[in-house]
Amino acid sequence: MRLHHKFMWAMLVELSTNFWYEEDDLHTQDGNNLWQIPGSHKLRFDRETWNRYIDDLKDAGVNTLVIDLGDAVQYKSHPEIAVEGAWTVEELTAELDRLNNMGFEVVPKLNFSTTHDYWLGKYARMVSTPEYYKVCSDLIDETCRLFDARFLHIGFDEEGYEMQARYNYVVIRQNELWWHDLYYFVECVERNGAKACMWSDYARHRPDEFVEKCPKSVVQCNWYYFTEYGDDVDEMRKIRIAPFHIFEREGYYQFPCGSSCYYADCFPNLVEYCSKNIPAEHLVGFLQTCWDSPTPEYLPELKASVDSFRAARERAGDFPKEK
């Protein structure tokens with residue numbers, strides 16, 4: 001039985017990194033972050049860096065790891081999607097046991113957004129077909145069993161042409177098909193006794209539609225990667241902050257997310273703001289992202305994520321207080 005925490009102080013860590021450009025895509029962005037470079041048929045992973053990073057996160061006050069699994073596992077149900085060097089199920093299980101013994105709850109993440117599904121291999125070009133649904137269902141079932149999952153993060157963010165404009169292959173669900181597939185994935189998760197978590201950016205520009213159609217059982221991970229709050233922020237920031245208040249008003253559980261990618265104060269400021277504006281009983285935890293692989297070239301970025309998380313925990317004090 002896996003360890004389950006009541007309140008998650010969580011870090012998203014990358015095992016798979018194939019969530020953006022395809023490997024042969026020549027139209028990538030300038031920069032060396034994972035979302036700016038082509039995918040890889042080999043696992044980007046270094047055991048020494050991983051172990052050091054996990055130890056540092058534990059020391060910084062992290063009690064939950066959300067792991068981006070993607071194609072980094074040789075799933076028993078669909079080993080064909082695994083990249084070279086992917087963990088066997090036995091290796092994954094052993095690592096989950098090790099992390100559990102360290103005191104971590106471990107939450108799996110499989111991103112089913114069409115903007116972030118290169119990890120699905122050939123099935124990413126079969127979206128919303130019977131074969132696609134069967135494969136995704138199999139992967140969710142297997143993952144929930146392996147993790148004894150309390151939550152499973154299904155992604156579902158940034159699905160729009162503007163996010164795929166530089167991709168070689170563009171596919172976008174919209175209108176009722178987008179909702180149909182969201183409901184399908186949520187049902188797959190819930191039949192395994194877990195709760196689905198999703199990125200909440202769809203609600204930014206369609207809040208009324210979102211609260212009308214999205215089940216209250218889905219935990220909302222609104223991500224906000226800036227540092228400013230208040231009445232004097234620009235319209236773009238107001239739109240991104242608004243879901244925190246909309247979800248509270250409408251009765252959703254929330255898992256707010258910040259990042260160390262751009263601003264050192266992002267996550268500490270988010271924790272401070274949300275802990276004052278969302279009752280603790282409606283928070284399942286706080287989540288920080290880094291979006292860098294556990295490899296030596298990203299050591300400075302990984303260290304920055306640890307420092308940011310430690311600052312957030314120190315600022316939060318004893319929040320939430322145990323009843």
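Modeller: Happy to! The count comes to 1 cavity of 30 Å³ or more (on a 1 Å grid over the protein atoms alone, a set of points where a 1.4 Å probe fits but cannot get out). This is a predicted model, where local features need pLDDT of at least 70 and side-chain atom pairs 80 or more, while totals for linings, chains and interfaces use all residues. Residues are numbered from 1 along each chain as its sequence is written, and side-chain values use heavy atoms, without hydrogens or water.

The largest cavity holds about 80 Å³ (the space filled by probe spheres set on points joined across faces, edges and corners). It is lined by 15 residues (an atom within 4 Å of a point), and Arg-2, Leu-3, Glu-105, Val-106 and Phe-147 are the closest to its centre. Strand E5 (105-109) and helix H2 (89-101) each give at least two lining residues (DSSP runs numbered from the N terminus: E, at least two residues; H or I, at least four). E5 has the largest share, with 4 residues. By class, this lining has 9 nonpolar, 2 polar and 4 charged residues (Ala, Val, Leu, Ile, Met, Phe, Trp, Tyr, Cys and Pro are nonpolar; Asp, Glu, Lys and Arg charged; the others, Gly among them, polar).

As for open space, the largest pocket holds about 1,100 Å³ (an open set with protein on both sides within 12 Å along at least five of seven lines). Its 41 lining residues include Asp-157, Glu-158, Met-163, Asp-201 and Trp-223, the closest to its centre. Helices H4 (161-164), H5 (175-190), H6 (202-205) and H8 (235-250) each give two or more residues to that lining, which has 21 nonpolar, 7 polar and 13 charged residues.
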